[in-house]
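Here's a quick briefing on surface features and charge pairs. Have a look at the structure first, then read on.

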Amino acid sequence: NTLLTEFEASVRGSVKERLGGEPPKELEDPKSNLADVISFAGQKLRDRLEFEQHEVLAALDLPIYLTTNFDNLMVDALREVKKEPQMVICPWNDRFTVDSIFDTDRDYRPTPEKPLVYHLFGHFSVPDSLVLTEDDYFEYLIGVTSNKDLIPPVVRRAMTDTALMFLGFQLDDWAFRVFFRSMMGQQGGGRRARYTHIAVQVEPDENRNLDPKRARDYLQTYFQNAAISIYWGRSDDFLREIAQQKKSKPA
């Protein structure tokens, strides 16, 4: 598949650039599994950076992590802090089937000790699960809005009855817009206003928007209407602040 090949090459290039220096042999080997390559890079970054983002999130002791990434970085970080994460892929199309913890353990409920990492847009281990193209996004949105049972009840409740923190998105890109629309379409969405939500957003720039100020004002108004506050800045800066506050105020 040409698209997957090009996508993989792009990801490998990004990993190589992020690591810097002499590329490891795991990255140079074209036969190496892409998820393993990203996990290898993630380990290096967690060792190198004091407040690596997945490491900070793992230390927050949350029961549910929703991700639109295809990799194992969140699971890896949780395992490093002695958690037992359960990875589940959203079955948004009928081209693939995967068993999950909800099939094998009907009594499972996510906890900080045994958290759920729910991959909304697929995982590298199941190529047919990846949401990559514009058509995929439309199919995903149609699937999860027409069949509410595709997403486990515990995840649906988390989307409506908990405080949400959105990290790593450009709020005007496809991934966020589709995820946001599917979330807003969940039954019980009116209860979301009871909670304080935050989205971390890098300032709109001229490369993406002809009028950055107008784009910022639009986003501010759009998400205020959905009871979501915007933190204008980088996600790593935001998480560094959280980690430092947590460190200075032990439980």
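Let's start with aspartate 149: it counts as exposed because its relative accessibility is 63%, and the cut-off for exposed is over 50%. Keep in mind that this is a predicted model. Aspartate 149 also has a charged partner, arginine 156, with 4.0 Å between the closest N and O atoms of their salt bridge.

**Salt bridges**
- Searching the whole structure turns up 7 salt bridges.
- One of them joins glutamate 139 to arginine 95, with the closest N and O atoms 3.1 Å apart. This pair ties together distant parts of the chain, 44 residues apart: glutamate 139 sits in helix H7, while arginine 95 is in the loop between strand S2 (86–89) and helix H6 (101–104).
- Glutamate 139 is partly exposed because its relative accessibility is 30%, and arginine 95 counts as partly exposed too, at 43%.
- Arginine 240 pairs with aspartate 237, and here the closest N and O atoms are 2.8 Å apart. Both residues belong to helix H11 (residues 235–248), 3 residues apart, or about one turn of the helix.
- Arginine 240 has 32% relative accessibility, so it is classed as partly exposed; aspartate 237, at 30%, is also partly exposed.

**Nonpolar surface patch**
- Phe138, Ile142 and Trp174 make up a nonpolar patch on the surface, and together they have about 300 Å² of accessible area.
- Isoleucine 142 is found in helix H7, which covers residues 134–146.
- With 54% relative accessibility, isoleucine 142 counts as exposed.

Key. Residues are numbered from 1 along each chain as its sequence is written. This is a predicted model: local features need pLDDT of at least 70, side-chain atom pairs count only at pLDDT 80 or more; totals for chains, interfaces and linings use all residues. Side-chain values use heavy atoms; hydrogens and water are left out. Patches are made of residues with over 30% relative accessible area and no salt bridge: like charges are joined within 9 Å, nonpolar side chains (Val, Leu, Ile, Met, Phe, Trp, Tyr) within 5 Å. Accessible areas come from the Shrake-Rupley method with a 1.4 Å probe; for residues, only the protein chains shown count as cover. A salt bridge is a side-chain nitrogen of Lys or Arg within 4 Å of a carboxyl oxygen of Asp or Glu. Helices (H or I, at least four residues) and strands (E, at least two) are DSSP runs, numbered from the N terminus. Buried means under 20% relative accessible area, exposed over 50%, partly exposed in between (1.4 Å probe, protein chains only).
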